Amino acid sequence: MEFVSPEGLRLDGRRPMEMRQIRGEIGAVAKADGSAFFEMGNTKVIAAVYGPREVENRSQQISDQALVRCEYTMANFSTGDRVRKPKGDRRSTEISLVIRQTMEACILTHLMPRSQIDIFVQVLQADGGTRSACINAATLALADAGIPMRDLVTSCSAGYLNSTPLLDLNYVEDSAGGPDVTVGILPKLDKVTLLQMDAKLPMDIFENVMQLAIEGCKAIANYIRELLLENTKQLEYRRGP
Amino acid sequence: MVSANVSGDLSSEMEVDAFRRLFPLRYHERFLLDSIRPDARPLGRARDTSLALGAVASADGSALAKIGCTTMLAAVKMEVMTPPKESPDEGSIAIEFYMPPICSPLVRPGRPAEEAPVVSKQLSDTILSSGMINLKELSLVSGKAAWMAYLDIYCLDADGSLFDAALLAAVAAFSHLQIPVVSLNEDGRVVVVSEENEEGKSEKEPVNKGKRKLTLSSLPFSLTCILHKNYILADPTAEEESIMETLVTVVLDSSGQLVSLYKPGGPVLAYASAVQDCIALTRQRVKELKSILNEAISDMEVD
């Protein structure tokens, strides 16, 4: 099957190095301490952050740090076929763990000892790159909640099909069986916090694909930064003189 | 953060917030004496309601309903199944209501919300008993194939009146529903015809080409009210629900007939007159909701 046409267009009309349209919204859930809605093409996720609050289970309390918990769930109608077991299955548990460890690396947990920060991500529509969309949404939600962080965390995926590196795979491209590299970075510090790849790839091509994903992450970071700046201006304006 | 050294205005502001947390009932009663509520609504008015159809592109029918801050996302997905022997000409509907942890600080993984199964059952009973959907319309081939409609409703933000918002979202999702086109393939099984199979179209004749939308008769709409002493508050927020616990939910259909009445106990005992007042408030609300739904449907058609 041809994923990149001879003219250099992908199945949805994008160029190989073009990302899908991204859109983020802060404050999607009124009841949460911080929340955000993030869209990457047709993948739509909502993230809500509750915390820092009291630890639910006293035995899990850490005396010098905050406890970070994360739960990733997919809505029943989020994929093409109705999902029977939206959480508690292996994939959801693995992604919950990945998101937790990624965010934990950048939250300044030592500032909030004996407390708990809950990050809940709900996938409303899945079209590839849910992991990345969830991390981006979680970053926005944590910023909205005012939780101190070292840096933003942004994430993007890239692949390699028909001998071309492709940025931001959608579901069809992801299920094609080619390699799928997901990268999460701290943009200002220029450090990689998440790196996952499946399928085989020669080392030199891997470098290219990873670099492409990092560029994608940086572009998302710029967008997120603008969004947060705009949001802060709105808050300042509403607060008055 | 407000410090105690700032001018008198700010420190009295902090006292109001503290008063609200420490003595919530007295705080609300101060407003009720003036026939108004803390968010400046008169007692009988519901919060701003909005509806958006087609929120989930991958579902066959979907809607996003917001009443104030309470947000519900409903989506219908259709699957083909074999009908049971007792009712070979009827399809079936399965309704599920979820409250994921994002919706409220009180819901945590491992500690699910108390209201979720209650609202789920209420919704299921109301929709099936209201006769909104004729199950015979969901039949494809008598005795062999029928539609199973899975309606999933997710609460994205829980701020009171969960049942009202969920019912509105469910009704809107069914109004938006487009039944997929199916045809019989060689094995005699019913398959969904996808738009890509251009070559196959000549051999497989669609079984239900003409009929793509359900005819919905008598749409149910509801209003939840709270009874407190002799006040009746329509469309409570989560804060009001937690302090004044007597809820009455009235469901009327679009022709004004009573579909269901639900008063699950509570400290206030209501006279029949109070229930009549609730029904009157619901009647007004049904008019509002009908016009909101029609507007949302016509917006979709313009697109």
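## Helix packing in chain B

In this predicted model, helix α3 (residues 115–129) of chain B and helix α4 (residues 162–176) of chain B have axes that come within 10 Å and cross at roughly 45°. The crossing of α3(B) past α4(B) is right-handed.

On the α3(B) side, the contact is made by Glu115(B), Val119(B), Gln122(B), Leu123(B), Thr126(B) and Ile127(B). The α4(B) side supplies Leu162(B), Phe163(B), Ala166(B), Leu167(B) and Ala170(B). Sorted by class, this contact has 8 nonpolar, 2 polar and 1 charged residues.

## Helix packing in chain A

The axes of helix α2 (residues 130–144) of chain A and helix α4 (residues 203–239) of chain A come within 11 Å, crossing at roughly 25°. That angle makes α2(A) roughly parallel to α4(A). α2(A) passes α4(A) in a right-handed crossing.

Asn136(A), Leu140(A), Ala143(A) and Asp144(A) of α2(A) meet Ile220(A), Ile224(A), Leu227(A), Leu228(A) and Asn231(A) of α4(A). The contact of these two helices has 6 nonpolar, 2 polar and 1 charged residues.

## Interface between the chains

Chain B and chain A bury about 2400 Å² between them, with 57% of this area on carbon and sulfur atoms. Each chain contributes to the contact: 27 residues come from chain B and 27 residues from chain A.

Across the interface of chain B and chain A there are 2 salt bridges. One of them joins Asp159(B) to Lys31(A), where the closest N and O atoms are 3.8 Å apart.

Methods:
Residues are numbered from 1 along each chain as its sequence is written. Chains are lettered from A and ligands numbered from 1 in the order in which they are written. This is a predicted model: local features need pLDDT of at least 70, side-chain atom pairs count only at pLDDT 80 or more; totals for chains, interfaces and linings use all residues. Side-chain values use heavy atoms; hydrogens and water are left out. Axes are lines fitted to C-alpha atoms, for helices over the stretch in contact, and angles run from 0 to 180 degrees between N-to-C directions. Helices (H or I, at least four residues) and strands (E, at least two) are DSSP runs, numbered from the N terminus. A crossing is left-handed if the near helix is turned anticlockwise from the far one by less than a right angle, and right-handed if clockwise. Contact means heavy atoms within 4.5 Å. Ala, Val, Leu, Ile, Met, Phe, Trp, Tyr, Cys and Pro count as nonpolar, Asp, Glu, Lys and Arg as charged, and the others, Gly among them, as polar. Buried area is the accessible area (1.4 Å probe) that two parts lose on being put together, summed over both. A salt bridge is a side-chain nitrogen of Lys or Arg within 4 Å of a carboxyl oxygen of Asp or Glu. Angles under 35 degrees count as roughly parallel, over 145 as roughly antiparallel, 65 to 115 as roughly perpendicular and the rest as oblique.
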